[in-house]
Amino acid sequence: MISVRTAKGYDLPIQGAPLETSQTIALPATVAVLPEHIPFVRPRLAVAEGDRVAVGDLLFTDKTNPRFRFLSPGGGRVDAIHYGPRRVLREIVIRRDAENEPVTSLGRPLDGDAIDRYPRAELVAHLLAGGVWPLLRALPYRDIADPEQVPPAIFVSLDHREPFQVPPARYLENNRALFELGLRALKRLSPTVHVHADAADRAFCEAHQELITHRVQGRYPADDPGVVLFQVRRSPEENTAWFIDGQDLLLMAQLLQSGAYPTARLFAVAGTGAAAPRYVASRMGAPIKDLAGEIGCRDPRYLVGGVLRGYTGDPEGHMGLYETALAVLPEPGDVDFLTLFRPGPNKPTYSRTFLSALRRAPLPMTTNVNGGRRACIACGYCADVCPVDIWPQMTLKSILAEEVEEYLAQGLLDCVECGLCTYVCPSKIELAATLQAAKHAHRKEQA
Ligand code: SF4
Ligand code: SF4
């Protein structure tokens, strides 16, 4: 097992970690798929409102690569198709049949020996047809892996450092054989498969030491696949490695083992505004309100995917394909009068502005950013936390000046979109979003 240490990064001291108990909730009445939150996909609808679908039936494909198929996580009726501004396809909602939910067969079940003998091209076709291929993503853009390529390596990410994700010990419990089946499939796709886990979870690393190839040390986002690659790569060719989340690898293995589209998901529901932070077993694309349960604040904001990388979810909406974390944070309500002149014993602070810097205890967090945007004051905090040694304020200037070669040389494509630079910036500059947009624009130009 190789040790990988990342010196930079930052762990947010937030209250509201999930309790150690897991809860299985009743199967939801509706489930959904959210094309809007699948990066770089241009959906071509295969259903209309009122159509009947089974679990595993096609909902839409990608116009750019029609081999990318997105299947229904529920069996019943297409209840609604929601569009956003400029006809962006937001959400396809399925109202499940309460009884005898129909399920489509997606091929014969395969065991490990059959997978080892399966020709690679046929395995790729099986995963594409089974709708789990989009779970494999490629660095540096984090887009869906190109099925025509053989990647230099695949990183299996047992990543959970961003508050608050599901720790791998939870979903691997009783699923170790399934996980190993998934690894056998990945080894048919790439000559090198890495599995990395957080060294701080010592008991987990010891219990699964035959599976784990890299033990990662450091603060968030040290266990992100892009950060691990940044630390271990030996040549530029490795920059196009693929990665898959540990829970997603289980889904892939379930498809291979059962021949049916896998839909079970374990979610982390957490944050200062969650009345009962916990892990919840439910269905892929479950409704946000069902998962959130009781709320502990008057005016909650739902962050789908996490505090730093997530997006604001509609309370009446559903979880996306990739997201397994739901953070609930209170909106700030009344603005604190003269907030900077108060000692702030309970306010999270990176810049040591508040008294809370003296204690390491988890603190309540709201969505208040404590101030408005102003000019960069060259404090260097953004560079201090960046895990891949970018100087975000310099890269931002190059992006604004459209100096493409300059910002690429500064390492834009290494950015793992962790959101830390924006979080720590005292001038409230949207560094991470600007860098991410520049990365996406660069990919489009390359395409
Ligand atoms: S530049 Fe990218 S990797 Fe660095 S802190 Fe900002 S978002 Fe994270
Ligand atoms: S953290 Fe914000 S204010 Fe400080 S150097 Fe970076 S961009 Fe400028």
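Which residue in E8 is the bridge partner of arginine 52? Arginine 77 takes that place, and the sheet around this pair is a handy way into the structure. What follows describes a predicted model, in which local features need pLDDT of at least 70, side-chain atom pairs count only at pLDDT 80 or more, and totals for chains, interfaces and linings use all residues. Residues are numbered from 1 along each chain as its sequence is written, while chains are lettered from A and ligands numbered from 1 in the order in which they are written.

Back to the opening pair. Strand E5 (52-53) and strand E8 (residues 76-83) are joined by two bridges and run antiparallel. Two strands are said to pair if DSSP finds at least two bridges between them. By that rule, E3, E9, E8 and E5 line up in this order as an open sheet of four strands, with antiparallel pairing. Strand E3 (30-33) and E5 each have a single partner strand, so one side of each has no neighbour in the sheet.

As background, most residues other than glycine have a negative phi, and most peptide bonds are trans. Phenylalanine 40, in the loop between E3 and strand E4 (43-45), goes against this with a positive phi near 70°. Arginine 86 also has a positive phi, near 55°, and sits in the loop between E8 and strand E9 (89-96). How exposed are they? A residue counts as buried if 20 or more other C-beta atoms lie within 10 Å of its own, as exposed if 12 or fewer do, and as partly exposed in between, with C-beta atoms placed from the backbone. Phenylalanine 40 is partly exposed because it has 16 C-beta neighbours inside 10 Å. Arginine 86 has 5 such neighbours inside 10 Å, so it counts as exposed.

Next comes a sheet of seven strands. This one is open too, runs in the order E1-E14-E13-E12-E15-E10-E11, and has mixed pairing. Its edge strands are E1 and strand E11 (143-144), each pairing on one side only. E1 pairs with strand E14 (residues 214-217) in the parallel sense over four bridges, and isoleucine 2 has histidine 214 in E14 as its bridge partner. E14 is also joined by three bridges to strand E13 (residues 193-198), with the two running parallel; here aspartate 198 stands opposite valine 216. To get from E13 to E14, the chain passes through helix H5 (residues 202-207) in a right-handed β-α-β crossover (right-handed means that, with the strands pointing away from the viewer, the path from the first strand over the helix to the second runs clockwise). Further along the sheet, strand E12 (residues 154-157) and strand E15 (residues 242-245) pair in parallel over four bridges, with serine 157 partnered by aspartate 245.

Alanine 7 lies between strand E1 (2-5) and strand E2 (22-24), and it counts as exposed because 10 other C-beta atoms lie within 10 Å.

Zooming out, the chain divides into domain 1 (10-27 + 263-368), domain 2 (30-97), domain 3 (106-258) and domain 4 (372-446), with bounds from an automatic or database domain assignment. Five residues of domain 1 and nine residues of domain 4 make up a contact (C-beta atoms, placed from the backbone, within 7 Å).

Finally, the ligands. Around ligand 1 there are 16 residues, and the closest are Cys386, Cys415, Cys418, Cys421 and Ala432 (a residue is near a molecule if its C-beta atom, placed from the backbone, lies within 6 Å of it). Helix H12 (420-424) and helix H13 (431-446) each supply at least two residues of this shell, and H13 gives the largest share, three residues. Ligand 2 is surrounded by 14 residues, the closest being Cys376, Cys379, Cys382, Gln393 and Cys425.

Terms used
Contact = placed C-beta atoms within 7 Å.
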